Amino acid sequence: MAKLQWKSEYSVGNAAIDADHQGLFALVRELEDADMTDGFLDTIIWRLEEYAAGHFAREEAMMRKGGYPDLEEHMAGHRAFVEWLDTVKITYRRAAESPFEIGDMVNAFLERWLVEHILEEDMDYRDYIVKS
Ligand SMILES: [Fe+2]
């Protein structure tokens, strides 16, 4: 896949949320270029955990405040991400697969997430959240 670059048309109209999304795009680009040495995957997993904890809570609070009607469905998508990340951690800890294989799997999932979640599902709440 060609490298995904965040564009202004992907904005949800809120600077904090856009900054989170831009950070995830940057992480995916780093991951594409990574050589997976020196515990790089540990760093990626840790950063994804931080991302999920901070960003999903921010988004959900804004959607709730704005009365977004599909909040529950959207939150289910976030939960699926967290569960996926737990599976990645378990697989990595067991060293069942090499960091290269896990890195490829993480990369493929995140590329799909950028397209299907950020560029599609997150766009649906745009009109309900506080603009900044
Ligand atoms: Fe979201």
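Mentor: Let's look at helix H2 and its surroundings. Keep in mind that this is a predicted model, where local features need pLDDT of at least 70 and side-chain atom pairs count only at pLDDT 80 or more, while totals for chains, interfaces and linings use all residues. Residues are numbered from 1 along each chain as its sequence is written.

H2 covers 40-65; helices here are DSSP runs of H or I, at least four residues, numbered from the N terminus. With 26 residues at 1.5 Å a residue, H2 should span 38 Å, and its end C-alpha atoms are 37 Å apart, which agrees. That expected span is 1.5 Å times one less than the number of residues. Just after H2, Gly67 takes a positive phi of about 70 degrees.

Now, which residues of H2 are buried? They are Leu41, Ile44, Leu48, Glu59 and Met63. Buried means that 20 or more other C-beta atoms lie within 10 Å of the residue's own; 12 or fewer is exposed, in between is partly exposed, and C-beta atoms are placed from the backbone. The buried residues of H2 pack against H1, H3 (71-94) and H4.

Leu41, Ile44 and Leu48 also belong to the largest nonpolar core, which has ten residues in all. Such a core is a set of buried Ala, Val, Leu, Ile, Met, Phe, Trp, Tyr and Cys residues joined through C-beta atoms within 7 Å. H1 (15-33), H2 and H4 (99-121) each give two or more residues to this core, and H4 gives the most, with four. Met63 sits in another core, of six residues, which lies apart from that one and also includes Val12, Ile17 and Tyr68.

Next comes the partner helix, H3. The axes of H2 and H3 come within 11 Å and cross at roughly 165 degrees; axes are lines fitted to C-alpha atoms over the stretch in contact, with angles from 0 to 180 degrees between N-to-C directions. That makes the two helices roughly antiparallel, the word for angles over 145 degrees. Among the residues making the contact are Phe56, Met63 and Arg64 of H2 and Leu71, Phe81 and Tyr92 of H3.

Finally, zoom in on Leu71 in H3. Leu71 is partly exposed because 16 other C-beta atoms lie within 10 Å. Leaving aside neighbours within four places in sequence, Leu71 is in contact (C-beta atoms within 7 Å) with Met63 and Arg64.

Notes
Contact = placed C-beta atoms within 7 Å. Parallel < 35°, antiparallel > 145°, perpendicular 65-115°, else oblique.
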